[in-house]
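Here are my notes on this one, written as numbered points. Have the model open while you read.

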Amino acid sequence: MYAIAIGFLLGLGFYCIRSGRRLRRRGRIAVGALVWMTTLAFFAGMSFWTELLWFEALGYLDRFWTMVQARVAAVLLGAGVAFVATTLLVRPFRVVRRALGWWPEALAAAGGMLWGLVVWDELLLLVNRVPAGMAEP
């Protein structure tokens, strides 16, 4: 049922944005973007709240907040490293061509955020590792 509601609302937002661009109406584009943002925020908030209640019912609330902090830190770290690295790599091209814009840094930061979202649990294992008393050959 949730998938149907999400699909309907995102489709409605896409329709509003597309028809607003075709008819050149900024209000309709804004409504479509607002529907998208509201839909994503609402369902992400529901997912967060459900996880919070589940961990609280099991008595693992501290672990939940550790997980949330690890996710946020990994996403911010990934976005920051990708943004800085791309800024440093693109700097020589900005001298030659000023019309490069801000999109390389934005795309890199978005990719870094996705990377952080995918590997947050491995980073948490790396930070909290326990020595096993053996070394790999």
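How far does α1 reach from its first C-alpha to its last, and how many residues has it?

1. α1 has 22 residues and covers 31 Å between its end C-alpha atoms, close to the 32 Å expected at 1.5 Å a residue. That expected span is 1.5 Å times one less than the number of residues. Before going further: this is a predicted model, where local features need pLDDT of at least 70 and side-chain atom pairs count only at pLDDT 80 or more, while totals for chains, interfaces and linings use all residues. Numbering starts from 1 along each chain as its sequence is written, and side-chain values use heavy atoms, with hydrogens and water left out.

2. On the overall build, the protein chain has four helices and zero strands, running α-α-α-α from the N terminus. Helices (H or I, at least four residues) and strands (E, at least two) are DSSP runs, numbered from the N terminus.

3. Along its principal axes, the C-alpha trace spans about 70 × 50 × 25 Å.

4. Of the 137 residues, 22% count as buried (under 20% relative accessible area; exposed is over 50%, partly exposed in between; 1.4 Å probe, protein chains only). The chain exposes about 11100 Å², and carbon and sulfur atoms supply 71% of that. These areas come from the Shrake-Rupley method with a 1.4 Å probe, and for residues only the protein chains shown count as cover.

5. Back to α1: its buried residues are G13, C16, I17, S19 and G20, and they pack against α2. S19 has a relative accessible area of 1%, so it counts as buried. The side chain of S19 also makes a polar contact of 3.2 Å with that of R28. A polar contact here is a pair of N or O atoms within 3.5 Å; within protein, one must be able to donate a hydrogen and the other to accept it, and residues adjacent in sequence count only if both atoms are side-chain atoms. Just after α1, R24 takes a positive phi of about 60 degrees.

6. α2 (residues 26–58) has 33 residues and should span 48 Å at 1.5 Å a residue; its end C-alpha atoms are 48 Å apart, which agrees. Buried along α2 are G32, V35, T39, F43, L52 and F55. W54, also in α2, counts as exposed because its relative accessibility is 54%. Just after the helix, G59 has a positive phi of about 85 degrees.

7. Which residues make up the largest nonpolar core? There are eight: L52, F55, F64, M67, V68, A70, A74 and W120. A nonpolar core is a set of buried Ala, Val, Leu, Ile, Met, Phe, Trp, Tyr and Cys residues joined through side-chain atoms within 4.5 Å.

8. Setting aside neighbours within four places in sequence, M67 is in contact (heavy atoms within 4.5 Å) with F55 and W120. W54 and F64 lie ten residues apart in sequence and 9.4 Å apart in space, C-alpha to C-alpha.
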